[in-house]
Amino acid sequence: MDVIAILGTAIGLSMDAFAVAICKGLSLEKGFKVRHAVKIGIYFGLFQALMPLIGFFLGSMFRQYIEAVDHWVAFILLCLIGANMLKEAFGKEEECVDAALDFKTMIVLAIATSIDAMAAGVAFSMENVEIFSTVAVIGVTTFLFSFVGAKIGNVFGTKYKSKAEMAGGIILIVMAFKFLLEGLNIL
């Protein structure tokens, strides 16, 4: 997996956290401080890096059994994640979060926004990705997007939430096709 693919995947995976960070920023509109954006970024960035690592090790345990079709597994997982993000982007219901930044609230949000990253980690195990540098890029990217998302939400509201989810879904589907085409030796 090349640097562009890793960065594209990191951006795609960070879009859920970005969207929730926008809502958090909106909910903190009167009491917003930079430290709030840093806290949001740390929670989301940490979990977005941890989950693909867990998925990678889980996927590595059964990789030998599905090696002949590993590119199809990666393709299907990333397409499903991307399609779900597109579905959320076009969904009518607005789901914003409250202003709480306590441990319990943030852990739940961090896990919820990073579950798809665990599935991506399984896909990474099928593609021989250098996992530690990849999760570092994912974590830093998610931190930055979440930090910026909190500020955007504070300033502009949820105007960019669905666009972020749409962009993330499209990026992950493109990465899925890249994995498939490489697995079929077309690229």
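Here are legends for a few close-up views of this predicted model.

**View 1. Helices H3 and H6 pack against each other.** Two packed helices are described by the angle between their axes and the distance between the axes. Here, H3 (residues 70-90) meets H6 (residues 161-183) at an angle of about 165°, and the axes lie 7 Å apart. Angles over 145 degrees count as roughly antiparallel, so H3 is roughly antiparallel to H6. The crossing of this pair is left-handed. Sorted by class, the residues in the contact of H3 with H6 are 20 nonpolar, six polar and two charged.

**View 2. Helix H6 from end to end.** After H6 comes Asn-185, which has a positive phi, near 60°.

**View 3. The buried residues of H6 and their cover.** Buried positions in H6 include the glycines Gly-168 and Gly-169, along with Leu-172, Met-175 and Phe-179. Charged residues are found among them too, including Lys-161, Glu-165 and Lys-178. Helix H1 (3-27), H3 and helix H4 (103-126) are included in what covers the buried residues of H6.

View 4. Asn-154 belongs to helix H5 (residues 131-156). With a relative accessible area of 18%, Asn-154 is buried, because the cut-off for that label is under 20%. Look next at Leu-26: its C-alpha is separated by 4.4 Å from that of Asn-154, although the two residues are 128 residues apart along the chain.

Terms used:
Residues numbered from 1 in each chain as written. Predicted model: local features only at pLDDT ≥ 70, side-chain atom pairs only at ≥ 80, totals over all residues. Heavy atoms only, no water. Axes fitted to C-alpha atoms, helices over the stretch in contact; angles between N-to-C directions. Helix = DSSP H or I, 4+ residues; strand = E, 2+ residues; numbered from the N terminus. Parallel < 35°, antiparallel > 145°, perpendicular 65-115°, else oblique. Left-handed = near helix turned anticlockwise from the far one by under 90°. Buried < 20%, exposed > 50% of the residue type's maximum accessible area, 1.4 Å probe, protein only. Contact = heavy atoms within 4.5 Å.
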